[in-house]
Structures are given as C-alpha cells and as structure tokens.
Amino acid sequence: MLFKQQALLRQKLFLLGSLAIGSLLYLVARVGSLDRLQPICPIESRLGPPHLPEQFPLRTLQYKRGLLHEIRKGNATKEQIRLHNLVQQLPRAIIIGVRKGGTRALLEMLNLHPAVVKASQEIHFFDNEQNYARGIDWYREKMPFSFLHQITIEKSPAYFITEEVPERIFKMNSSIKLLIIVREPTTRAVSDYTQVLEGKERKNKTYHKFEKLAIDGNTCDVNTKYKAVRTSIYTKHLERWLKFFPVEHFHIVDGDRLITDPLPELQLVERFLNLPSRISRYNLYFNATRGFYCLRFNNVFNKCLAGSKGRIHPEVDPSVVAKLRKFFHPFNQKFYQITGRTFNWP
C-alpha cells in the first residue's frame, strides 16, 4: 500500500513539474515575440481616464490664476510665494515638436486649463549644449511658479529632430508625457520656408525659391538635405524617440484640425494628460479678421496668438508639390502605423 502511494505521489509531482516547465517555456517564447513586434497602438487605447477631479482643486486654481500672473510679471513677494506653497516644477509633459506644426498654439490653448501652467519661452535645454551643461537646476529655474497639483508644460520644437534629446529627456524623467503636433508634411515644409523667408526679407537679404531648395538641381530628386524637407519625415525622427520611450508615452495632435476645430483635439490631450475636462467652447472663439481661434480665459481676459501666425505662403510649382507628396507618402503610412493615428494627407 505504501509503495502504491509513493508511486502515485511521484506521478503527480512529475505532472506538476512538466506543467511548470511548459508554462515557463511559453512565457519565454511569448516575451521574445513581443520584443520583435512593431509598437503599434491605436490612439484611443493610450488615452488615460477622462476624469481625475479629486487630484485637482480646480476651483481654487481658477481663482488663483491672478496670483500666478502677478508672479510671472515679477510683482509677487517671496512671502506670497511661501504662503501659497508655490514651487518651480520640472515639466511632466513637453511639446517636443514639430516646428511650424502649431506648437505655440497648442501650448497657449492648453494653458486655458486651470491645472496647466506653461513656460512662457522656449527653453532649449535639451537641444542646446551650452544650456544642457548648466544642469537640471538651471532648467528648473526657467519653469514658472505653480501649485503642487498643477502640471508644468514647456515646448521646444527643435527637440523632436535633435539626436541627443530623447536620451537626455529619458534621463530626467522616463515616464514623462510627450506631445507631437503635426501638419500635412508638404504644407509644413512650405510654412517652414515662409518663416525663414520673412526673416531674410526683414534684413533685406535675398533667398532662394522654395523649389530650388526642396529639389536637387542635379538629380531632380527631393533634396533630403534641406532641413524643411527633413523635418517633415516624421517617422524617421519618431523612430529615434522610440528607442527610449514606448509609444504609449506619445500623443499625436492634428495641427491642421487645431486650426479649424481646436476643441476636439484639446479634449484628447486632456484625456492623455489625465486631466479633468475643463476646456470648452466658451474658451475658444473664432476671430474672422485673423482667421484663427482666439482664447477666452474669463469675461475680462482674452488673448489671440501673435500676428506672425498665419503667414501667407508663396505660390509653389504644382509639380514640385506633387513630387514632395509622393516622396512623403510611404513615410506617412509608416507614421500612421506606428502611432495608430491616420490623417487624410495626400
């Protein structure tokens, strides 16, 4: 009898051991296959819970906006700063690009939210060697004063295309949220050119036509050495960021839609940042003279973007536009696949 019981026990132990080894082998194989997968993630699945109101004393923050405004103007005393427990916080979200995609408009519109505080100027900490050498404390001192429950956001669009930046930001905060605002790549390239052209004209300097810069005169191919073209190859830059951050840390904003109908885009960003929804139609009104939406903080304070926004683009040869759109098309398709967001770009 004892022999039979021992034999039965050995058989059960053998079966349990086999199951354990099989499960372990499955998990090892599964992890290996996941590492090889392209990080594709639909945008909806990356958005956080729509409301976390208990974390944000929004009514209090709304009333204290005036104090923060006085601090930015340099009118607040050290005693006021101490009494209200105001601090300069490192950003928990950064608008990393892209240039001429609408980064300033996005930052100003997000500042409508009472739980968001923006850095007024582009800091250029991570893309500028001299600034980066000054250290993280220098960077913190460039941030606005805020209440502890507020999120500080800065924007420096050069971050997106500068090779050293992803690793530097990762070292500061590996869980930071990253915002990328994009426009149709050819339109963005022309807008980039237009800004540089205006600067040249102000200094009475001549500048090449867009067509000559965007197309290589020797090969008649798209000139990828031209910075305005290179910046619009979004997927090439994003792939460098994905070496450090998972795709869930990025949110893609439609810069073209932000111009025509900004509220839905802002609501998606609120969800991505886990902020309670507070930006409404009341906060945005269309200025027919400017052709852009302006911001309404309250019954007294309104704000429109700078007059430099909405520059008239020069006429570009249609054949060059078509060549550029054909060139960008495969890169756009890969960008859609990686980010999980599709745009109606030609």
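Good morning, colleagues. The structure is a predicted model, in which local features need pLDDT of at least 70, side-chain atom pairs count only at pLDDT 80 or more, and totals for chains, interfaces and linings use all residues. Residues are numbered from 1 along each chain as its sequence is written, and side-chain values use heavy atoms, with hydrogens and water left out.

I begin with the chain as a whole. Its secondary structure comprises 16 helices and 10 strands; these are DSSP runs numbered from the N terminus, helices being H or I with at least four residues and strands E with at least two. Of the 346 residues, 44% are buried, where buried means under 20% relative accessible area with a 1.4 Å probe, counting protein chains only. Contact means heavy atoms within 4.5 Å. Among contacts between residues at least 6 apart in sequence, 74% join residues at least 24 apart.

I turn next to the interior. A nonpolar core is a set of buried Ala, Val, Leu, Ile, Met, Phe, Trp, Tyr and Cys residues joined through side-chain atoms within 4.5 Å. The largest such core has 30 residues, and those with the most contacts inside it are Ile96, Tyr159, Ile169 and Trp241. Elements giving two or more residues to this core include strand S2 (93-97), helix H9 (165-172) and helix H16 (318-339). Another core, of 28 residues, lies apart from it and has Ile95 and Leu258 among its members.

Two strands pair if DSSP finds at least two bridges between them. S2 is joined to strand S5 (residues 151-155) by 3 bridges, and the two run parallel; there, Ile94 has Glu154 as its bridge partner. With S6, S2 pairs in the parallel sense over 4 bridges, and Ile95 stands opposite Leu179.

What lies in the loop between S2 and H6? Lys100 is found there. An unreviewed UniProt entry places the feature "active site" at Lys100; such annotations may be inferred rather than shown by experiment. Lys100 has 17% relative accessibility and therefore counts as buried. Leaving aside neighbours within four places in sequence, Lys100 is in contact with Arg183, Arg188, Ser191, Asp192, Gln195 and Arg311.

Finally, I come to helix H6 (residues 103-110). Since 8 of its 8 residues are buried, H6 is largely enclosed by the rest of the structure. Arg104 and Glu108 are among those buried residues.

Methods
Buried < 20%, exposed > 50% of the residue type's maximum accessible area, 1.4 Å probe, protein only.
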